[in-house]
Amino acid sequence: MNWDQILEFSLRSALGSDAIVYAMAAIGLNVHFGYTGLLNFGQAGFMAVGGYGLAATVTTFGLSFWIAIPIGILAAIVFALLLGAPTLRLRADYLAIVTIAAAEIIRIVVGSVSLQEWFGGRDGLQEFNDSFTAINPYSSSVDLVVFTLRPNDAWVFTVGWISVALACLLVWALMRSPWGRVLKSIREDEEAVRSLGKNVYSYKMQALVLGGVFGGIAGFLVALDQAAINPENFSTDVTFFAYTVLILGGAARVLGPVVGAIMFWFLISLLGNFFTQATAGPEPLISPAIMDGTQASLVRFIAAGLGLVLLIIFRPQGIFGDKREIALDAR
Amino acid sequence: MPADTTDTTDTTDTTDSTDSTVGTAKAAAALSDVAREPGATKPDAILVADGIRRQFGGLTAVDVGHLEVQRGVITALIGPNGAGKTTFFNLLTGFDRPDAGSWTFNGRSLDGIAAYKVARLGMVRTFQLTKVLSKLTVIENMRLAATGQRGESFLSALLPMRWRGQERANTERADSLLGRFTLDAKREDFAGSLSGGQRKLLEMARALMVEPELVMLDEPMAGVNPALKQSLLGHVKTLRDEGRTVLFVEHDMDMVRDISDWVVVMAQGQIVAEGPPDNVMANQVVIDAYLGAHHDSDISVEAEEQRLAAERNRGADQKETPR
């Protein structure tokens, strides 16, 4: 058992691109679910729209990377408007149904054979981030004591954490304002808010768009981190991991998604590496009769599911939340 | 009108209660010439409804021929369960759409106007089951209700200097209202931790933050203990004495008798009677609506047949009169 290596891998996951992407996606969900009470189960769809918006603009249409960024954001905004227009006047569950379906539609469409020339089918798109790597200030690997980052990773790491910090700052500034107060009130009771003269539909739409743009930016980060993009980056479980991250950190708290993402990826990676090592080698710690190597990589997800259930039962407010203030209450 | 009722709970109301007898007298004078019949024309109507009908499948929940609500008085809307009072409220405030009919507020048609715009026009309602925002503090509940807040637009929200001053002014107004409704001690508590009666108070105070001309209260006394009831009564009278118009739905007859200047009775979706409280409560149609037309007669097959025949004739008569 190589504990140094387990720790190194876990910390890399907890501070690296995994955590950055999920923190950003969960910041978006926090605006949707944590503050406004909108059940968006299609955050992966927003990420796909953003990521593919960026990649396809450069690779397929040959435009500049710097034009592709606003186009990706615009795509996320349009996606939010399309989803919101028919559903935001209805009860909350309809948004959930529509978003989860729309996210799957996006994933299947970009992966389809007939649209291969635009979105690259199952292989996805590559070679769109030359402009991004061209301005990389790091020329050699960066040593962060426990782990080292190659120049490109260090650049994504820097840009990623700066974007997460800016997103948190924006959410903080908005949620302390009267605008944020309207969102929180809508989460509590939208009829009451309507009876006080606020245009609830418009506020829900603004929240859906804002959180969707954060989702789109998370999609950018996926694309930049891998220097490639494919449909499997945006499967449904991405959304549910992002929810786990949000609930773990504490919904309706500015830093909840960030702390949640760090803890989630540390634990997932720790469990994954532990079980992989415990089942590897000629004389494994855990007998193959109980668990073999291929099963080991899945146990972490069983643990994540169990963790989410226990979390909702025993600490629905997450790490940061105030129990009296939390929308989730399983008991 | 007993002036001592407001004094028992609210010592600051001693002056108000004399005011409120004046207000009651004034309201009575304004309504003295109004006919005691359904759909009566009022000298200064703030709200006028015409031919409002709402059907749920085969059931006609509301079918109001004509109703006028006098400005500056307290009008009670009463009727047995299922009479369509709350549905009528929902229709008037834009929370539901009627199948037919038109209605105006201050002369302006409200047909097809969204609920939030109706509130901005100065017609604010409360709910039968209180809708406080549980996970916001009491003061935040109050601040939310202020209208025309600059900080409620996305871009201005990011510039605190655009909304700080307004927020301070709103908070001051909210604090004085909380003081008046004796909720100042609960200022920083989550609204969800308040008792049922306190929630009613908060909802009323919050509605006042919108500065409405017409306050529509849906069962303000439901589930409120007798002591708090007295102070709520005082508050409703104060609303009128400030020059606002109050329209409220209520089951509690003592309260209706005590504070209302005018009573409108609904039964089976229609308005069956109108008039000052004492007059209405002695009205045979109203007693029939509440207790059934034959609540004190024997039930036998022959009597039942006679009753049904009589009912059919009477029902036909009644349908004609309100129109």
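This is a predicted model: local features need pLDDT of at least 70, side-chain atom pairs count only at pLDDT 80 or more; totals for chains, interfaces and linings use all residues.
**Exercise 1. Describe how helix α3 (residues 43-59) of chain A meets helix α11 (residues 200-226) of chain A.**

Solution. 
- Step 1: start with the axes. Those of α3(A) and α11(A) come within 7 Å and cross at roughly 55 degrees.
- Step 2: name the arrangement. Angles of 65 to 115 degrees would count as roughly perpendicular and those under 35 as roughly parallel; α3(A) and α11(A) are therefore oblique to each other.
- Step 3: look at the residues. From α3(A), the contact includes Q43(A), F46(A), G50(A), G51(A) and L54(A). On the α11(A) side, G212(A), G215(A), G216(A), G219(A) and F220(A) are among them.
- Step 4: sort by class. This contact of α3(A) with α11(A) has eleven nonpolar and seven polar residues, with no charged ones.

**Exercise 2. Work out how helix α2 (residues 17-36) of chain A runs relative to α11(A).**

Solution. 
- Step 1: the axes of α2(A) and α11(A) come within 9 Å and cross at roughly 175 degrees.
- Step 2: angles over 145 degrees count as roughly antiparallel, and α2(A) and α11(A) therefore fall in that group.
- Step 3: by class, the contact of α2(A) with α11(A) has 16 nonpolar, seven polar and two charged residues.

**Exercise 3. Find which parts of chain B touch chain A.**

Solution. 
- Step 1: count both sides. Chain B has 28 residues in contact with 23 residues of chain A.
- Step 2: locate the elements of chain B. Those giving two or more residues to this side are α4 (115-121), β6 (123-125), α5 (138-145), α6 (154-157) and α7 (160-180).
- Step 3: sort by class. The side of chain B that touches chain A holds 14 nonpolar, nine charged and five polar residues.

**Exercise 4. Trace the six-stranded sheet of chain B.**

Solution. 
- Step 1: write the order. The open sheet runs β6-β7-β8-β3-β9-β10 in chain B, and its pairing is mixed.
- Step 2: find the edges. β6 and β10 (270-275) of chain B each have a single partner strand, so one side of each is left without a neighbour in the sheet.
- Step 3: note the twist, which averages 20 degrees from one strand to the next.
- Step 4: zoom in on one pair. β6(B) and strand β7 (residues 214-218) of chain B are parallel over three bridges, and V124(B) stands opposite V215(B) in β7(B).
- Step 5: Helix α9 (residues 226-241) of chain B lies across β3 (74-78), β7 and β8 (245-249), running at about 145 degrees to β8(B).

**Exercise 5. Do likewise for the four-stranded sheet of chain B.**

Solution. 
- Step 1: the order is β2-β1-β4-β5 in chain B, an open sheet with antiparallel pairing.
- Step 2: β2 (59-70) and β5 (108-109) of chain B stand at the edges with a single partner strand each, so one side of each has no neighbour in the sheet.
- Step 3: strand β1 (residues 45-56) of chain B pairs with β2(B) in the antiparallel sense over ten bridges, where V48(B) stands opposite E68(B).
- Step 4: helix α3 (residues 85-92) of chain B lies across β1, β2 and β4 (100-105), at about 65 degrees to β2(B).

Technical notes
Residues are numbered from 1 along each chain as its sequence is written. Chains are lettered from A and ligands numbered from 1 in the order in which they are written. Axes are lines fitted to C-alpha atoms, for helices over the stretch in contact, and angles run from 0 to 180 degrees between N-to-C directions. Ala, Val, Leu, Ile, Met, Phe, Trp, Tyr, Cys and Pro count as nonpolar, Asp, Glu, Lys and Arg as charged, and the others, Gly among them, as polar. Two residues are in contact if their C-beta atoms, placed from the backbone, lie within 7 Å. Two strands pair if DSSP finds at least two bridges between them.
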